[in-house]
Amino acid sequence: MYKHTLKRCALLFLAGTALQLSVGDLDPSFLAYPWGVILAVNYLYLLVFIYAFAGKWTWVKGLYDRPACIASLASLLVLTLVFGLVRQDDATGGLVGALGFSRMTSSWIFNLFLFHFMTVIGLMTIDDLAHWKKRNKLASAFHLIFFVILVSALFGSGDKVRVRVVTTVGRPVQGGMTRDDKPLALPFSLMLKEFSMDEYPPRLYLVEEGSLSKDFVEVGSSDVEGMLGDWQIRCVQVLDRAGRMSADSAFVSMNHVGATSATLVRATHITEGKVVEGWVSCGSHIFAGSSLQLPDGRVVVMPRREPKKYLSRVEVADEDGVRNLEISVNHPATVGAWKIYQVGYDNDRGRWSTTSVLECVKDGWYAVIHVALWSVLVAGVCMFILGWKNKWKGGNS
């Protein structure tokens, strides 16, 4: 039974991958009002039309039977999990970026699976309404409300307003640029108070013929040891924030803007016994990086540290007053009907960035989705109460 549904999901993934690689990100602007409403009405008519022939077309029931529901829900949950784990930005590099998983709302793969799941729920809802007297009323209501949420979110995506705002510490800004590079004023002002970043520990790699080695040594503290090829690497001294006066001097600890990570490395060849020692650093926008040249022509380097978490503390001022908010990746702030997302920073300055790139998003269908979500919550509570009540009666009978 699940064989056909899994094949369908595999075909959707292949189709989404092909579209993502050939066409690029999905642009929902064609769903802007009134076209989103027109397409939604025609989509609903098509669902009813298909369901009307479910008795003649056996394949129609296969679109919303139990295996189809489970497979569509499971596949969408997997993509939603990826959505939550992958940092959402404009990155297009690597497999994750190429498939659009770093821009999930614009990914063909995600939107095809979302459309598939919405169709399954839509046919289930029509089937519930056609057999209303025989079905669980709350479960049917839950399907209907959830279907309204999906239709509103998908067909209303063209009415979303996206404004990219570049904020600088201490400077209020009340507008930004849309995706088609048009200036747009916001109903509130944003001022960056502080930008902070947590980074993963630095790593040491060998560079041979212009490429980094697969193996690395993670620099956690002094006396850390590891192997890079046939060289034993020991971190004699580790400085999290360091700098130096000249290229020939040693790194010293300093708590200053632009301070970088540095470690004194002692490399020992495991067979020849040769020992080389020197400072290795990833550098910053103030201090140049440093590497350790080995006798065999290879080089020990420390690439720029990868961000683990970064957030902006901003001051928002609107007609309701002034308040302070924290905005981090995958944890947006809400100002009325607007969502404010953390999307970037000054990559050259890294953790010392005084600039934060935010994206303000307004959903024209926000009110419909908001009401539907509350309705889902109420329906879920009612289902729980009635289920507990029936169980309690059964236990006392």
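Predicted model: local features only at pLDDT ≥ 70, side-chain atom pairs only at ≥ 80, totals over all residues.
**Entry 1: α2 against α6**

How are α2 and α6 oriented to each other: parallel, antiparallel, perpendicular or oblique? Residues are numbered from 1 along each chain as its sequence is written, and side-chain values use heavy atoms, with hydrogens and water left out.

I found α2 and α6 packed at an angle of about 60°, their axes 10 Å apart. Axes here are lines fitted to C-alpha atoms, for helices over the stretch in contact, and angles run from 0 to 180 degrees between N-to-C directions. The two helices α2 and α6 are therefore oblique to each other; under 35 degrees counts as roughly parallel, over 145 as roughly antiparallel, 65 to 115 as roughly perpendicular and the rest as oblique. Helices (H or I, at least four residues) and strands (E, at least two) are DSSP runs, numbered from the N terminus.

Next I listed who meets whom, with contact taken as heavy atoms within 4.5 Å. From α2 come Tyr 43, Leu 47, Val 48 and Tyr 51, and their partners in α6 include Phe 115, Met 118, Gly 122 and Asp 127. By class, I have nine nonpolar, two polar and one charged residues in the contact of α2 with α6. Ala, Val, Leu, Ile, Met, Phe, Trp, Tyr, Cys and Pro count as nonpolar, Asp, Glu, Lys and Arg as charged, and the others, Gly among them, as polar.

**Entry 2: α2 against α7**

I then turned to α2 (residues 35-52) and α7 (residues 137-155), which pack at about 140° with axes 10 Å apart. They are therefore oblique to each other, and α2 passes α7 in a right-handed crossing. On the α2 side I see Gly 36, Leu 39, Ala 40, Tyr 43, Leu 44 and Leu 47; on the α7 side, Phe 147, Val 151 and Phe 155. This contact of α2 with α7 has eight nonpolar, one polar and no charged residues.

**Entry 3: the cores**

I looked up the largest nonpolar core and found 34 residues; among those with the most contacts inside it are Tyr 43, Met 118 and Phe 147. Such a core is a set of buried Ala, Val, Leu, Ile, Met, Phe, Trp, Tyr and Cys residues joined through side-chain atoms within 4.5 Å. Buried means under 20% relative accessible area, exposed over 50%, partly exposed in between (1.4 Å probe, protein chains only). The largest share of this core, eleven residues, comes from α6.

Leaving aside neighbours within four places in sequence, I find Met 118 in contact with Tyr 43, Phe 147, Leu 150, Val 151, Leu 154 and Phe 155. There is also a second, separate core of 21 residues, including Leu 186 and Trp 338.

**Entry 4: loops and a strand**

I checked two residues other than glycine with positive phi. Glu 209 has phi near 55°, lies in the loop between β4 and β5, and is exposed at 80% relative accessibility. Asp 223 has phi near 70°, sits in the loop between β6 and β7, and is partly exposed at 46%.

Last, I visited Val 252 in strand β9 (residues 252-253), which is partly exposed at 44%. Not counting residues up to four places away in sequence, Val 252 touches Leu 239, Arg 241, Ala 242 and Gly 243.

Definitions and conventions:
Left-handed = near helix turned anticlockwise from the far one by under 90°.
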